[in-house]
Amino acid sequence: MRHVPFFRWVLTLGGVFFACSVWLYAAGAGLPEARQVDLTVVEEEADGSCTVRWEDPYQGRTREADYQCDPGRSELLKAPRYSDSRGYGWDTAYMLTEGPQRGNLEELAAGEQGLNVSDVCLLLGASLIALGLVGGNLRALPRVLGVRARVVRRAAELSEAAEWVAEDYERVVSVVREEGRHPDALAQGSGGADGSRLVTGLWVLREAGPRAGETAALARRLTRRLQGLLDDAAPAAGLRSRLRAGPVARSDADRAVAELRLLLADAERDGLAERFAQTSVDLLRGQDAERAVLAATADFAREPDAYRLLLAEVAGPAVVPWRRRVKGVLRRRRPSGA
């Protein structure tokens, strides 16, 4: 199941409403133009209800009407303390300058005007943006905390080392089996190209030691196990992949990471990384063909029977020693009481 970015769409919708509000405010929201004028407060009640006069330039006369003054303005602006010889107070208002209502006062008192379209867009936009930010971060928190890049990286490195040693061993064994199909292959010794390759391959296996086959078998099994777990743990390898994963993928990743930790702990305890590296080095001795042929020829001349025995084990029908059952890091731990 893929992650659905619900809160991202909520945040986007909030941004759209906010942008609409800004545009409506910039366009004036269809309201007529107004300018500020001085008012002469003739009478005023304690709640701010008052009678005011102002100069109407469009009708060319002084007009008087009821108005809601600001009751919280300074006492120095109210009668009788305002410095007006007639004993009036003072306030300001906005007068419409266009349309059929020009010259009238624009009521700005709270509660006398409803919310316009731009105000509604602003409130919706701010609410949706806040919801998207808070909800998105809360939803992303468990996914962010589930990133285990270091564990995944260490497991990938161990899998790569195991794959290398398995490939190196298989390459040497393939050469030995290919060249050892002829009954007189070892009889040729280093006298020909086929005999030289066969002796060199057997020499590499002898130098790698009897545990090389066991190490390669362990590496193959470990590689298969790690590759399956690494595929499941992919969402935990980084923040971006974790955020894009769905709930099921995150759950599988958490389970895979837990198993990877167990395998890494067992591998570290058994020194598998060092063992794989050393075995790979031993199996690559044959890369220097000239020196390997000289060393293999000399060793074969000293112990030809050991080479024949090793060839029988590798290329013959008998069960070879590296196919013994490998236990250790691949054994899955069972919960206590199971």
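Which residues form a nonpolar patch on the surface? Phe18, Val22, Tyr25 and Leu122 do so, with about 350 Å² of accessible area together.

## Basis of the model

This is a predicted model, in which local features need pLDDT of at least 70 and side-chain atom pairs count only at pLDDT 80 or more, while totals for chains, interfaces and linings use all residues. Residues are numbered from 1 along each chain as its sequence is written, and side-chain values use heavy atoms, with hydrogens and water left out.

## Confidence

The chain averages a pLDDT of 78, and 78% of the residues score at least 70; pLDDT is the predictor's confidence in each residue, from 0 to 100. Over residues 190-194 the pLDDT is below 50, and beyond near neighbours in sequence this stretch has four contacts in the model (contact means heavy atoms within 4.5 Å). The pLDDT is also below 50 over residues 318-338, a stretch with 34 contacts beyond near neighbours in sequence. Where pLDDT is low, the predicted coordinates should not be read in detail.

## The antiparallel sheet

Five strands form an open sheet in the order β3-β2-β1-β4-β5, with antiparallel pairing. Its edge strands are β3 and β5 (105-106), each of which pairs on one side only. Strands (E, at least two residues) and helices (H or I, at least four) are DSSP runs numbered from the N terminus, and two strands pair if DSSP finds at least two bridges between them.

Strand β1 (residues 34-44) pairs with β4 over eight bridges in the antiparallel sense. Within this pairing, Gln36 has Tyr94 of β4 as its bridge partner, and Thr40 has Trp90 of β4. Thr40 also stands opposite Arg53 in β2. The antiparallel pairing of β1 with strand β2 (residues 49-56) runs over four bridges. The hairpin of these two strands has four residues between them, and Gly48 takes a positive phi near 100° there.

## A cis peptide bond

Ala79 and Pro80 are joined by a cis peptide bond, with omega about 5°. Pro80 is placed in the loop between β3 (61-68) and β4 (89-96).

## The nonpolar patch

Helix α1 (residues 6-26) gives the most to the nonpolar patch, with three residues. Leu122, another member of the patch, belongs to helix α2 (residues 117-145). Leu122 is partly exposed, with a relative accessible area of 32%; buried means under 20% relative accessible area, exposed over 50%, and partly exposed in between (1.4 Å probe, protein chains only).

Patches are made of residues with over 30% relative accessible area and no salt bridge, like charges being joined within 9 Å and nonpolar side chains (Val, Leu, Ile, Met, Phe, Trp, Tyr) within 5 Å. A salt bridge is a side-chain nitrogen of Lys or Arg within 4 Å of a carboxyl oxygen of Asp or Glu. Accessible areas come from the Shrake-Rupley method with a 1.4 Å probe, and for residues only the protein chains shown count as cover.

Thr279 lies in helix α8 (residues 272-283) and is buried, with a relative accessible area of 8%. Leaving aside residues up to four places away in sequence, Thr279 touches Val165, Ala212 and Thr215.

Thr297 is found in helix α9 (residues 289-302) and is partly exposed, at a relative accessible area of 27%. Thr297 and Val199 are 98 residues apart in sequence, and their C-alpha atoms are 7.0 Å apart in space.
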